[in-house]
Structures are given as structure tokens and as C-alpha cells.
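Biologist: Could you walk me through this model, taking one residue as a way in and then moving out to the fold?
Modeller: Gladly; here it is.

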Amino acid sequence: MKKEIIPMDDIKKIMFDIIKGVAFLHNKNIIHRDLKPDNILLTDDEQIVVDSLSFIINKNFNDQVKIYTALSGTEALEIVTKEHIDITFMDINMPGLTGLETVSCITKLKPETIIIILSAFDRFQYAQEAMNLGAFKYITKPVNRNIVIQTIRSAMDHIDNRRGIQNAD
């Protein structure tokens with residue numbers, strides 16, 4: 001049986017087409033990046049904000065995520081202690097335990113959790129304090145759908161990279 005030798009340029013073209021096709025399928029959410037969905041906690045004292053974020057996330061990430069919701073910092077802490085939360089959206093200004101106080105507790109309990117701050121305030125002091133607590137991103141309200149999607153994708157990439165490093169050990 002005679003073996004056929006495929007020219008290297010043809011191999012490169014085939015590989016490029018495969019990579020391009022996989023990237024297309026991944027971007028269209030036809031293939032998934034991981035079998036395990038990321039757990040996302042949405043915390044805001046305004047139900048409409050939680051509902052809006054839930055809608056955006058469900059529409060764009062389907063079965064890639066599992067969503068938990070909390071209407072207070074205390075409720076968020078209860079969820080974080082019981083569930084493995086990968087990404088937390090946290091409003092800053094809430095009655096009782098503030099968002100920043102809640103973030104401080106979460107980062108001590110579960111330092112691997114990615115924190116995304118939501119705020120109606122575009123004040124440098126809030127953003128600076130949030131970043132000092134280890135926030136991944138600071139988003140101002142009203143939330144922009146594209147920014148939410150882009151931020152979640154970035155957070156998921158960060159999680160994937162971290163999981164890859166942990167799996168390599």
C-alpha cells in the first residue's frame with residue numbers, strides 16, 4: 001500500500017480551517033468551553049436589576065451558567081457559604097450589610113470568587129475601594145448589556161485559565 005504525502009502547505013491550511021471553525025462554534029455558543037457550568041451570584045437590593053442581569057445572562061450563556069440571586073449582603077453571604085460561586089455581581093449601596101462589606105467577607109471566605117461591582121455611583125473612591133478589595137471589574141448602572149456580556153466572558157476566561165493551571169498540578 002502506497003502512502004500519500006500531503007504537502008505541508010495543505011496541512012497548514014487544513015489546521016487553520018479547523019481552528020477557525022472551532023473558534024466560530026465557540027463564539028456562537030454551539031460548543032461549550034467546559035462541561036461544568038459557572039455559578040454566578042447576582043446581588044442587588046433592587047429586584048429589577050437582578051431580573052435584568054438574569055435575563056441578559058440567560059439569553060447569552062444558556063447552560064454555561066447557573067444563576068443564584070440575593071437581595072441583600074446577608075443573603076449573598078448565606079449563598080456563598082453553601083454553594084461554590086465562581087462569579088459574584090455585587091451592588092455597592094444596599095441597606096444593612098453594604099456591598100463593599102459583603103465583598104470583604106466573600107474575599108476572606110472564598111478568595112477565588114471573581115467579584116464584579118455594580119454601582120449607580122461613578123465615584124473614584126468607591127471604585128478604588130472595590131479594586132483594593134480585589135474586584136475584577138467595576139460597572140456603573142444602568143448596566144450596559146454588552147459590557148455585562150464582555151465582563152462575564154472575561155471572567156469565564158480567567159476561571160478557565162485558573163482551572164487549567166490547577167489541573168496541571
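Modeller: Let us begin with Asp44, which is placed in the loop between strand 1 (38-43) and helix 2 (47-61); helices (H or I, at least four residues) and strands (E, at least two) are DSSP runs, numbered from the N terminus. This is a predicted model, in which local features need pLDDT of at least 70 and side-chain atom pairs count only at pLDDT 80 or more, while totals for chains, interfaces and linings use all residues. Residues are numbered from 1 along each chain as its sequence is written, and side-chain values use heavy atoms, with hydrogens and water left out.

Biologist: Is Asp44 buried or exposed?
Modeller: Asp44 counts as buried because its relative accessibility is 0%, where buried means under 20% relative accessible area, exposed over 50% and partly exposed in between (1.4 Å probe, protein chains only).

Biologist: And what does Asp44 touch?
Modeller: Not counting residues up to four places away in sequence, Asp44 touches Val49, Val50, Ala70, Leu71, Asp91, Met94, Leu118 and Lys141, a contact being heavy atoms within 4.5 Å. With Lys141 there is also a side-chain to side-chain polar contact of 2.6 Å (a pair of N or O atoms within 3.5 Å; within protein, one must be able to donate a hydrogen and the other to accept it, and residues adjacent in sequence count only if both atoms are side-chain atoms).

Biologist: Changing topic, in what order do the strands of the sheet run?
Modeller: The open sheet has five strands in the order 2-1-3-4-5, with parallel pairing; two strands pair if DSSP finds at least two bridges between them. Strand 2 (65-70) and strand 5 (137-140) are the edge strands, each pairing on one side only.

Biologist: Which residues have the most contacts inside the largest nonpolar core?
Modeller: They are Ile40, Ile57, Ile87, Phe89 and Ile152, in a core of 21 residues; a nonpolar core is a set of buried Ala, Val, Leu, Ile, Met, Phe, Trp, Tyr and Cys residues joined through side-chain atoms within 4.5 Å. Strand 1, helix 2, strand 3 (87-91), strand 4 (114-119) and helix 6 (145-168) each supply at least two residues of this core. Apart from this core lies another, of 20 residues, among them Leu77, Leu100, Val103 and Ala130.
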